[in-house]
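Subject: Structure handover

Hello,

Here is the structure we talked about passing on. Please open it first, then read the notes below.

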Amino acid sequence: MIRIHPFIKIAGLATLLLILGVSIHPVKAAPTSQVPTAQKALINPDDSACLACHQNPNFNITIGIQQKETLSLFVDPSKFQHSVHGEIGISCIGCHEGFKPEAGHGMVYGSHRELTLRMNTICANCHQKQSDQEKDSVHAAARAAGKLEAAICTDCHTAHEVQRLKDPKTGQLFPTTRIWIPLTCQKCHSTIYEKYRNSVHGIALTDGNNPDVPTCIDCHGVHIIEDPTTAKFRLDSPMLCAKCHTNPAIMDKYGISTQVLNTYVADFHGTTVTIFEKLSPDSVTNKPVCYDCHGVHDITNVNDPQKGLTIKQNLLKKCQRCHPNANTNFPDAWLSHYIPSPQKYPIVYYINLFYTFFIPGILLPMAVLVLMDFGRAMVNKFTKPHSKKKIFYHTSDGEDHHE
Amino acid sequence: MNKLPKMPRLARRDRKRPVVQPQPEYKRFDLLQRSEHILFLLSFTLLALTGLPQKFPLSPISDWIFGMLGGVETARAIHHLSAIAMIIMSTVHILEVPYRLIVFRTPITMIPWLDDVRHVWDDILYYLGFRKHKAYYGRYSYAEKMEYLSLIWGTVVMAITGFMMWNPITTLKFLPGEAIPAAKAAHGGEALLAVLAIIIWHFYHVHIKMFNKSMFTGYMSREEMHHEHPAELAAIDEGKKVAPKIPLKTLTLRRLMYLPFAGVTLAAAGFALFYLVDYENTAINYAPPGETAKVFAPLPTQTPLPTQAVPTPAALTWTSFVGPLLQQKCTVCHGVNGVAGLNLTTYSDAMKGATTGPVIVSNDAANSLLYQIQSAGGHPGQLQANELEFIKQWIDAGAPEN
C-alpha cells in the first residue's frame with residue numbers, strides 16, 4: 001500500500017476545491033440594472049477585428065432551411081458609437097457572449113427570428129429588471145403561445161443603435177423619445193397607430209410635441225405591457241384615463257373638467273363598473289367604460305362634428321348599441337359629466353337642493369323631540385325615582401287622567 | 001311583561017277596533033295589519049340594504065354588503081323583488097283602508113289634525129318642565145301619524161321614481177331625458193330620509209323608549225295604553241268606542257258600493273305589476289368590442305435590409321467591376337493565405353484558384369466553382385442575385401482582366 005504524503009493530499013484537495021469553486025462560480029457577473037460596473041469588464045476598445053467583416057454594408061448571408069432568408073450582418077460602426085452602449089464603450093463581445101472565432105461564430109439557428117430570440121436573453125445580463133417585467137407582458141405571452149413575431153427587446157430598442165430615452169438628470173423621457181414611442185409601436189401595430197395618430201392625443205403629440213398627451217406607454221405601460229383585452233383591464237381603464245383627467249394641472253389649460261371620474265362613478269354605469277372593479281376585478285361587464293363612448297385609440301374631441309359626443313346624435317348612436325330602443329330623449333338621461341347646476345340640468349339641481357333642506361328639515365325636529373323626550377325621561381328617572389311607580393298604581397286603580 | 005289571555009274571537013265587524021273589554025288587554029292591530037307591517041318591514045329593510053350601497057358605492061360598508069350578497073347585480077335583483085313585494089303590500093293597504101271606511105265607517109284616526117299640533121306643543125312644555133304630564137294621545141299619537149304619512153309619501157315617491165329608473169326608455173317616451181337623473185336624485189334623497197327617520201323616530205318610539213310589541217302581538221296592556229294612548233283608553237272606559245251594530249242589509253249595500261273601487265284598484269295594480277316586473281328590455285347584452293383594428297399589422301419595412309441594387313457596370317472586367325466586388329465581399333476570408341488556399345485579391349491569384357484547382361473557368365461559368373458555390377447560396381459573403389449574374393456574364397465573356 002502506498003502512503004500518500006500529507007502535503008500531496010492537501011495540495012490535491014486544494015486543487016479539487018479550486019476547480020470546483022471555479023466551475024460553480026457563476027459565469028455571468030451578478031446583474032445590475034443600470035450601474036455599469038459589470039459592463040466595465042466588457043469594454044474593449046478594439047472592435048476592429050469584428051468590424052473588418054461586419055462594417056461591410058453588403059455583408060449578407062442567406063439563412064433558413066430553404067436558404068431563402070437574407071440576413072444582413074452589417075453593423076454601422078458610426079451608429080453604434082452613437083448608441084447608448086457605444087457611448088459608454090461596450091465592445092462587441094460585451095454583448096456577443098459565447099462568440100467563437102470561426103465562420104458563423106458557432107451560432108446555430110434555423111431562422112433570423114430564432115437567432116434574434118436566442119440573442120435576446122443577453123440583454124437581461126445587465127437589464128434584469130426590465131427583462132423580468134417583460135416576461136409578464138402580453139408580448140411574452142404571445143411568444144409563449146407560438147407567435148414568435150411578438151416584440152422582444154431589440155424590436156423596439158434596436159440591436160446596435162440603442163438610444164438613450166431618459167434624461168439621466170431628471171429621470172424623465174426626452175421630448176424626442178415621446179415622439180418616437182408611437183412610431184416604434186407602429187412597426188407592428190400600424191393600424192392602431194393610424195387611429196392614434198388621428199386622435200386628439202395623437203395629433204397633439206405628433207404635430208405639437210405636446211407633453212400633456214399620452215403616448216402608447218402612458219396607458220399600456222413599458223416592458224410590462226398588460227393584455228388590454230381582459231376584463232380586468234377594462235374595469236381598471238377608467239382609472240387609467242383618470243390619472244390625467246382628474247389632474248387640474250393638466251386639464252385646466254384645455255378647459256377640460258376634472259370631474260369626469262366623479263360624475264362617471266356617480267352614475268349608473270360608473271357605479272356598477274366601480275363596484276365590479278373593487279369586488280370582482282375579473283368579471284366581465286358590458287357597462288360602458290370611458291373608451292366605449294370616447295373611442296379606444298381614435299379618441300376624438302367631444303366637439304368634433306363627425307364623432308364628438310356633445311352632438312346628441314353621435315351620443316345617441318353610442319347609447320343605442322346597448323339600448324336599441326332608446327329615443328332622442330335618452331342621451332339626456334346621462335348628465336354628460338356635468339355636475340347639475342341651475343344652468344345645466346336644473347331639475348336635478350333643484351331636486352338635490354330640495355332634499356338638502358328637506359332631509360334635515362324633517363329629521364332635525366324629529367331628533368330634537370326625541371332628545372327632549374329622552375332627556376325628560378332621564379331627568380324623571382334620577383330626580384323622582386318613584387314617580388313612575390306611583391302613576392302605575394294610580395292607573396291600576398282605574399283613575400282617569402283625561403281632562 | 002306577563003302573558004295575559006287574549007280576547008275571545010269577536011264577530012268579524014268588531015275585530016277592526018278595540019272594544020271595551022273586562023280583560024286587561026286592548027286590541028290595537030288585527031292580523032291583516034300585522035301582516036302588512038311584517039311584509040313592509042322586510043321589504044323596506046331589504047330595499048335599504050340593497051339600495052343604500054348603490055347610493056354610496058365607494059363606502060367600505062357597501063363593499064362588505066355587496067360581498068355578502070354576491071355582487072351588485074344580485075343586490076339589484078333583490079332590490080327589484082323587494083320593490084315588487086312592497087308594491088303588493090301597498091296595494092293591499094289601498095284596498096283595505098277604503099273597505100274599513102266605506103263598509104264599516106271606521107273613524108279616520110290616522111290623519112294629523114289640529115289636536116296633534118297641540119299635542120306636540122304640550123309635549124314640548126312637558127319636556128321643558130312647564131307641564132306635569134305628556135299630552136293625552138288618542139288612538140294614534142302624532143308620532144305614529146307622522147310616520148304613517150311619511151310612509152305614504154315615501155312609498156309614492158319611491159315607487160314612481162323607481163319605476164322611472166327601472167324603465168327609462170318607456171319613461172322617456174313621455175318625459176325629457178333629465179327625468180331619469182332627477183328620479184335618481186329624488187329616489188336617493190327620499191331613501192336617505194326614510195332610513196334615517198326610521199332610525200331616529202321609529203326606533204326611538206317603539207324600541208328604545210319602550211318596546212312596543214303590539215304590532216306583533218296585536219294587543220296592548222292597560223298599563224301600556226295608559227302611557228301611550230291615555231285619551232283612547234279614557235274613551236274606551238267611557239264606552240264611547242263601542243262600534244254601533246250595522247244591519248246586514250246595510251253592510252251588503254256598502255260592500256256593493258266598495259266593489260267597483262276594489263275592482264278598479266285591483267285591475268290597475270295587477271296591470272302595473274305585470275308591466276313593472278319585466279316591462280321593458282332596457283339594454284341588450286351587447287359586448288362592447290374595444291379596439292376593432294387588427295392588432296398585429298406590421299409595417300412592410302419592418303426590418304429593412306441594406307440591399308443596394310448594383311448598377312450595371314460600365315465595363316464587365318476585373319479591374320472595373322469584378323475585382324472591387326470580390327475585394328469587398330470575399331477577401332475577408334479569401335485574401336492572402338485565404339481559406340482553402342483561395343486568394344481573390346488580384347486577378348492572377350483569382351485565376352490560379354484554390355488548392356483543389358481553379359474556381360474560374362473562362363467562358364464557362366456553369367463549370368466555375370466560384371459560380372457553383374455562390375449559386376447554391378448560403379455561402380458566407382453571399383453575392384446578391386444581380387451581382388452573381390454579372391459574374392456569370394463576365395466568366396462567360398472570357399473573364400477579361402481589362
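Two residues are in contact if their C-beta atoms, placed from the backbone, lie within 7 Å. By that rule, residues 24 or more positions apart account for 53% of the contacts in chain A with a separation of 6 or more.

Some ground rules. This is a predicted model, in which local features need pLDDT of at least 70 and side-chain atom pairs count only at pLDDT 80 or more, while totals for chains, interfaces and linings use all residues. Residues are numbered from 1 along each chain as its sequence is written, and chains are lettered from A and ligands numbered from 1 in the order in which they are written.

Confidence

pLDDT is the predictor's confidence in each residue, from 0 to 100. Chain B has a mean pLDDT of 85, and 89% of its residues reach 70 or more. Residues 1-5 of chain B fall below 50, and this stretch has five contacts beyond near neighbours in sequence. Residues 302-308 of chain B also stay under 50, with seven contacts beyond four places in sequence. Where pLDDT is low, the predicted coordinates should not be read in detail. For the complex, the predictor gives an ipTM of 0.75 and a pTM of 0.74.

Chain A

Chain A has 22 helices and two strands. These are DSSP runs, numbered from the N terminus (helices: H or I, at least four residues; strands: E, at least two). Of the 403 residues in chain A, 21% are buried. A residue is buried if 20 or more other C-beta atoms lie within 10 Å of its own, exposed if 12 or fewer, and partly exposed in between, with C-beta atoms placed from the backbone.

Helix H11 (residues 175-186) of chain A has buried residues, among them Arg178(A), Ile181(A) and Cys185(A). The buried residues of H11(A) pack against helices H10 (153-157), H12 (190-197), H13 (200-208) and H14 (216-220) of chain A.

Domains

Domain bounds come from an automatic or database domain assignment. Chain A gets domain 1 (37-163), domain 2 (226-339) and domain 3 (348-396). The centres of domains 2 and 3 of chain A, taken over C-alpha atoms, are 47 Å apart. Chain B is divided into domain 1 (12-278) and domain 2 (318-396). Their centres, again over C-alpha atoms, are separated by 106 Å.

Where the chains meet

In chain B, 67 residues are in contact with 72 residues of chain A. H7(B) gives the largest share of the chain B side, 13 residues. That side divides into 42 nonpolar, 16 polar and nine charged residues. Here Ala, Val, Leu, Ile, Met, Phe, Trp, Tyr, Cys and Pro count as nonpolar, Asp, Glu, Lys and Arg as charged, and the others, Gly among them, as polar.

Cores

A nonpolar core is a set of buried Ala, Val, Leu, Ile, Met, Phe, Trp, Tyr and Cys residues joined through C-beta atoms within 7 Å. The largest has 18 residues, and Val322(B), Leu326(B), Ile360(B), Ile391(B) and Ile395(B) touch the most other members. H12(B) gives the largest share of this core, four residues. Leaving out residues up to four places away in sequence, Ile395(B) touches Ile360(B), Ser362(B), Ala365(B), Ser368(B) and Tyr371(B). A second, separate core of 17 residues includes Ala333(A), Tyr345(A), Val348(A) and Ala183(B).

One residue to look at

Trp153(B) lies in helix H5 (residues 142-166) of chain B. Trp153(B) counts as partly exposed because it has 13 C-beta neighbours inside 10 Å.

Best wishes
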